[in-house]
Amino acid sequence: MQGIVTNIQRFSVHDGPGIRTTVFLKGCNLRCFWCHNPEDMNPAPEIQFFPERCIECEACLDACVQGAHSVDDGHHRFRRELCSGCGECVDTCYAKSLVLVGASKSVEEVVDEILQDQAFYASSGGGVTLSGGEPLLQIDFSAAVLARCQERGIHTAIETAANFPWARVEAILPHVDLVMMDIKHMDSAAHRRSTGVRNERILENAARLGRQPQPLIVRTPVIPGVNDSAAQIGAIAAFVATLPNLLYYELLPYHPMAESKYRSLGQLYRATDLVPPSPAHMASLAEAAGEAGVTMRLA
Amino acid sequence: MTATILTQELTYQERLDALRATKLAQTQEKQRVLGAMDHDDWALVLPLPEVRKVVQAVSGSGVTITDALIDGIDMASNHANGGFYGPRICGENFRRLLDAHPPYVDPLCSLAGAVMANFASYRRQGWNPDLDYSHLHAEQQLYKLTPGIGGSQHFCPDLAIGLELGWRGILDKIEYYRAENPHAEEFYAGLEEVIFGIRDWMHRNAVAAQELATQEESPQLRCNLEEIAEINFRLLDEPPQTLREACQWMTWYLMAARMYNGSGALGRLDVLLEPFYARDVAAGRLSDEEAAFHIACMLLRDTAYAQLGGPDAAGHDVTSRVSYLVLDAIDRLQVPANVGVCVGNDVDPELLQRGVEMQFTHRMGFPKFLGIDSTVQGLIRNGYPAETARSRAYSGCHWSAVPGREYAMRDIVKINFAAIFNVAFADMMADTAVKPSVDALWQRFVHHLQRAVAVTAEGLAFHLEHMHEVFPELPLDLLCYGPIEKGEDASHGGVEIYNLGIDGAALATVADSFAAIEQRVEQERRLSWADLMRHLDGNWGEADGERVRLMLKSVPRYGSGGSRADDWAQRIVRAFTYAIKEQPTSGFDLTPGIFSWASTLAMGRALAATPDGRHAGDPISHGSNPNPGFREDGATTAMALAIAAVQPGLGNSAPMQLELDPGLSRSTEDIAKVGSLIRTHFDLGGTQINLNVLDKQKVLEAHKDPSKYPDLIVRVTGFSAYFASLSPEFRQIVVDRIIAEG
């Protein structure tokens, strides 16, 4: 069985307890306009283009049967609309000006990489986290990877938006030791405006996940103008406080470091005007959340 | 002095803050006068401008440095070339320097003294030319060896001897054994000159403190100066009784040893100070804060290398309250410090936790971490008794030695694998009878590596035969078991153990080169052998050169995990270890390590382009670390696994240089994660970790304009230094590592 993987991040320390390996799976069914992992949005492999790295060797021109690459006025031009994503040009681009994002990997390949750090998981109480993108979009692959890890005694976690029918969420749970999910807004219309989807199903799934044997961590990316008010964070926290198996509620400040990734993918970055929330503001939001009686963490 | 200081008692922390500010000003003056300093900070204070002379010299570690001398000292010579050789004249000339050395007393410091000049810089003629080893030159140059001949210190004295005997006791010991060893009169005369010189220097400092006390308006500082005078008058003869006196005695010894030939080996500081601390506390005359202050004052005066925790000879952990007080001292002092904490199954785990906390609190690269179990087990595997292995003490950049018993020459004998590789490559390509192949290249690499080891061993035998006639280890001899007793210098049979280190360098450069050729030339046939040679000879400047360079550079690299380059790195270390242990020697052992120290720059400068995509003249890879950019995500754990797998495993180290993301919080959970990373690397066989937790942006800004962050401290390799003191090239190495790994 194959999955489309964008990256395997070892020594991951922000995606669950202990030292972890985070596997980023390609494809997401939300379209959050601030997303800092745009390379994980589309399910198919894509080519990132970094013109500043190009050494103008023109090897990609010969490699591309679609004619997507050309040199115009001494500048390398990549016509993405002609690209089939085959990756032939990438193989000739030693300057890494062209990078294929999203490799097809087998369960065994991914698990082999995860196993390399088994000694570190054991000593730190860490394990593996499937993230993305949305790991539940590749449910069979995700379940197979997590099941293999559990067989080897490795702690497993997923990071999900849980925007699926409950049956799909439920199907992954036997292979998961910890669930981390996002709640971005309590108001469905506002949720839809900023993520492209309504939130009823997400909140319903959160309530169900809150009653499962696996501990649950709920996280909110704090996005200026979207949910960065004490009232909104307080409302999310009040909901989160009702989840019986909640480990903690965590606020993650928006950061603007994804812009170059959007550019490399030929996508428009729509969050250019956002200013990251200050530590003081994050602290005040945490206080507002804390008033709801929820165990809090600030990233 | 301000009115505040006159009327109010200063706290210990306020005094340390002021001492730190003074040191920073002194450091900035050194940067102005001496330029870049790609080495230990050394805590040297420049002589006053009117007696200062700036010279080019060779440091105790064998590298060329710009140094400042106290001018106007006439060194005696006993050779037509103007040099001086042998114990008596070395002792006499060292005493001349000590006699001319100005006193240095800071009323805020609890200890007297500071080093203002390196004796080695007066030894302009180096090796005695009558002792000829020109028969080795051809191969030494062919392989670009760092042969260590004439190298000094790099072993560890046992300061417990001095703390027990004091200067008078050591003089009495010399007197006793001189009668038994009439052949060694020159040697004993040299030793005595050193002691007389140190005592006179101490006396002048005591007098200076006394005079300053009469002028001092602050009762608190006047009292301090009077105590300094009293302590130093007493220590001229008597051994120290209190912790403060012990710190003062060790400071004198360290400064003298530092001045003589650059030794900065302190050894097991917590063990040395523990009896004094216990006695003072039992007598009700010492608080922990005061103890930390005296220790800080000592570490301010010398950036000596010290170990905390770890087993005693019987295997029991020696971690004590004093171990934590030493950490408190460097925590409060915040200047470059070279203290290593032991991490091991039987070592107090709090020590590791406290060390990691400090790293995250100050982000100054201290302490460093020592994998004590793997080094002890390695030395046992190397054929040494467990008691000996456990008795070693961390004493230098990446090395340990048994205090007072082991002559080690560690960190000054190096084989640059990349130089060997280039010889092997040229050799194979020139042989028309051989079809080029990776296998043929490897065979030649191993052959030349074995020759390099053999030539190095021959050089070391020559060194051991003659070093005592050239520049004997007089200060270190005083605190070893054997030299005084036998009348023999430590370099010439004086001590019990002769276990000399040979370090391999450029491991990643060569592992990545083999992997690149194997994949691109042999397997994929994207490049011919002849074209590869053409591009190497042309330093990638030929047509298509940059593309070929990037093609070779883009194969999976050493450190990426499970790559061919990882396999090659392990194979290279195995071949190196085998070559060393199979090398016949007489009267000494050889033990391999992997470490390039600051030579990363110099070794690269002298080297042609290599097939890993490195340009001619660029630095070689750092120690046992992968090349920067070895993984897209710079995985720390992948590197920790790779370096654990390339340990020679015979007691000497192959350290991991680790730059961590300051994005990790100082929460208990994140500190535990870093602690687990360190523990696991050591459990897998790792030996040492040099850690920096640095803000990438800050380092980049400091690289652009060092004056912006004059107090930024980094662990450069094994040593710690002000970032602003480093050369732009060396700063670039640190920046590259941080960008790649951070």
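How do H8(B) and H10(B) lie to each other, roughly parallel or roughly antiparallel? Point 2 takes this up.

1. Ground rules. This is a predicted model, in which local features need pLDDT of at least 70, side-chain atom pairs count only at pLDDT 80 or more, and totals for chains, interfaces and linings use all residues. Residues are numbered from 1 along each chain as its sequence is written, while chains are lettered from A and ligands numbered from 1 in the order in which they are written.

2. The helix pair. Helix H8 (residues 243-261) and helix H10 (residues 288-301) of chain B pack at about 5°, with axes 9 Å apart. Axes are lines fitted to C-alpha atoms, for helices over the stretch in contact, and angles run from 0 to 180 degrees between N-to-C directions. Angles under 35 degrees count as roughly parallel, over 145 as roughly antiparallel, 65 to 115 as roughly perpendicular and the rest as oblique. H8(B) and H10(B) are therefore roughly parallel. Among the residues that meet are Leu243(B) and Met250(B) in H8(B), and Ala291(B) and Ile295(B) in H10(B). The contact has 8 nonpolar, 2 polar and 2 charged residues. Here Ala, Val, Leu, Ile, Met, Phe, Trp, Tyr, Cys and Pro count as nonpolar, Asp, Glu, Lys and Arg as charged, and the others, Gly among them, as polar.

3. The whole chain. Chain B has 27 helices and 16 strands. These are DSSP runs, numbered from the N terminus: helices (H or I) have at least four residues, strands (E) at least two. Of its 742 residues, 59% count as buried. Buried means 20 or more other C-beta atoms within 10 Å of the residue's own, exposed 12 or fewer, and partly exposed in between, with C-beta atoms placed from the backbone. The C-alpha atoms of chain B fill a box of roughly 80 × 60 × 55 Å along the principal axes.

4. The partner chain. 22 residues of chain B are in contact with 17 residues of chain A. Contact means C-beta atoms, placed from the backbone, within 7 Å. H25(B) gives the largest share of the chain B side, 8 residues. By class, that side has 9 nonpolar, 6 polar and 7 charged residues.

5. One loop residue. Asn81(B) sits in the loop between strand E2 (64-70) and helix H3 (87-100) of chain B. Asn81(B) is partly exposed, because 13 other C-beta atoms lie within 10 Å. Leaving aside neighbours within four places in sequence, Asn81(B) is in contact with Gln125(B) and Pro129(B). Pro129(B) is 48 residues away along the chain, yet the two C-alpha atoms are separated by 8.7 Å.

Technical notes: Two residues are in contact if their C-beta atoms, placed from the backbone, lie within 7 Å.
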